[in-house]
Amino acid sequence: MLVINHPEVVENGDDAILRASFSCRNVEGTLWFSTTLANKYYLCYERGDAFLVGLLLYAMKRGEDITVRAPVSERLYYTLTTYYIKFLADLFPGYKKIRLICETDAGNLANLGAVGTGFSCGIDSFCTVIYHTANECPPNFRLTHLTFFNVGAAGDNGGEGARERFKNRIKGVKPCADAYGLPLITLDSNISEILQMEYVRVHTVRNVAAVLALQKLFSVYFYSSTYPVKQFEASPYDSAHYDIFGLDMLSTSDVTFFSSGSTYSRVEKTEIITTEPLTRSYLNVCLTSSDTNCAKCDKCLRTLVTLEVLGKLSDYSGVFDLATYKKYRHKYIAGVLVEKHDFFKMDIYNAMRRYHYPVPFAVYLQVPYQWCYETCRHMAIFFYRKFINPLKNRSP
């Protein structure tokens, strides 16, 4: 049995911390969410929702029922017990369908009614902000706040290195939030240290837990989609594939989650963000650097090739080193020509045809190498997922 005790809010210097202790067999710990003192009164200690969502997979991996010693939103209790727990148990090998033992609360919390979204200055988040700050957006769905959380994006297993990267990234995100005239709510947590799971596989529940910690602030929250809804898949390797389902399952009577941008492909989103001048100064998509774009990692190259196909590459010379890009572009474009299993590369390939992009001759010289590389890579992924990953997930 995993027992989650009633949350409490404490102050530590300039920080306000929402925390709840928990115990599971012979393990005891505390899950916490920390923000600035200015946001203290938005922290939701009245309900156990944030901690239930945050520790749900922790308990399912160990096959432990959960007792929450604080009320849980009735809607959340219903969706978890009726749909989502069984869905996750079927999705992740070795995970168990568990019971929830708690009181439920069908009422409404005092709520500021804010509308928020996570903001990293990436393609997906910029697309969400552009749409939900436009005059055409209905007033009750127009953004009032941006957020930036440390729940795994800076490092799967957390730790001080990830925390330092999180703090460095705030320095790059805050000026852009200021330019939009929107407050940036930052929140740190030790959820990564507790879960010890690959972030990409469970990022939805991690981020939702952080939002539910601020449940007295938000009434609507947009979670920027990675894939369009036509790529919906019950995939144990990336929760973004089923966000449009999972976010509904994790909404409460007070906070409604939406999968923003889920009707657009990545190329379409990239085209949308080129209409926003701020992206030319603040766009950050890099996998390897916390404060700049390296112009050679997979995400940088994906973005740069797309911008080149769209005829917008020179507009982004201020955030990408185009000289570095030119050293790697032929290899990546060759990968686009041969890769038939990667949605993002197929999206770029279709855009190349649509925009009549002239493929450089030197790219074709790279095609045989890229074909061998992609074939070996897919074989390695298949072997890992078929044989190695199931063994890892069987042990708690």
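**Pockets, cavities, cores and rings**

Q: Which element gives the largest share of the lining of the second largest pocket?
A: That's β4, with 4 residues. β4 is a strand spanning 27-36, where strands are DSSP runs of E with at least two residues, helices are runs of H or I with at least four, and both are numbered from the N terminus. Before we go on: this is a predicted model, where local features need pLDDT of at least 70 and side-chain atom pairs need pLDDT 80 or more, while totals for chains, interfaces and linings use all residues. Residues are numbered from 1 along each chain as its sequence is written, and side-chain values use heavy atoms, without hydrogens and water.

Q: What else supplies the lining of the second largest pocket?
A: α4 (160-180) and β11 (184-189) each give at least two residues, as β4 does. Among the lining residues are Asp15, Trp32, Phe166, Lys167 and Asp188. The space inside comes to about 200 Å³.

Q: What makes a space a pocket or a cavity?
A: On a 1 Å grid over the protein atoms alone, a cavity is a set of points where a 1.4 Å probe fits but cannot get out, while a pocket is an open set with protein on both sides within 12 Å along at least five of seven lines. Lining residues have an atom within 4 Å of a point. Points are joined across faces, edges and corners, and the volume is the space filled by probe spheres set on them.

Q: How many cavities of 30 Å³ or more turn up, and what lines them?
A: The search finds 2. The largest cavity holds about 70 Å³, and its lining includes Tyr227, Phe232, His241 and Ile244.

Q: How do you know how the lining of the second largest cavity divides by class?
A: Ala, Val, Leu, Ile, Met, Phe, Trp, Tyr, Cys and Pro count as nonpolar, Asp, Glu, Lys and Arg as charged, and the others, Gly among them, as polar. That gives 6 nonpolar, 2 polar and 1 charged residues.

Q: What makes a nonpolar core?
A: It is a set of buried Ala, Val, Leu, Ile, Met, Phe, Trp, Tyr and Cys residues joined through side-chain atoms within 4.5 Å. The largest one here has 65 residues, and Ile66 and Leu88 touch the most other members. Helix α1 (residues 49-62) brings the largest share, 10 residues. Beyond its neighbours within four places in sequence, leucine 88 is in contact (heavy atoms within 4.5 Å) with Leu56, Leu57, Met60, Tyr95 and Tyr242.

Q: What makes tyrosine 84 and phenylalanine 245 a tilted pair?
A: Rings of Phe, Tyr and Trp (its six-membered ring) pair if their centres lie within 6.5 Å, with planes under 30 degrees apart called stacked, over 60 edge-to-face and the rest tilted. The centres here are 6.0 Å apart and the planes 55°, so the pair is tilted. Tyrosine 84 sits in helix α2 and phenylalanine 245 in helix α7 (residues 243-249), so the pair ties together parts 161 residues apart in sequence.

Q: Why is the pair of phenylalanine 343 and phenylalanine 344 called edge-to-face?
A: The planes are 65° apart and the centres 5.7 Å, so it passes both cut-offs. Both residues are buried.

Terms used. Buried < 20%, exposed > 50% of the residue type's maximum accessible area, 1.4 Å probe, protein only.
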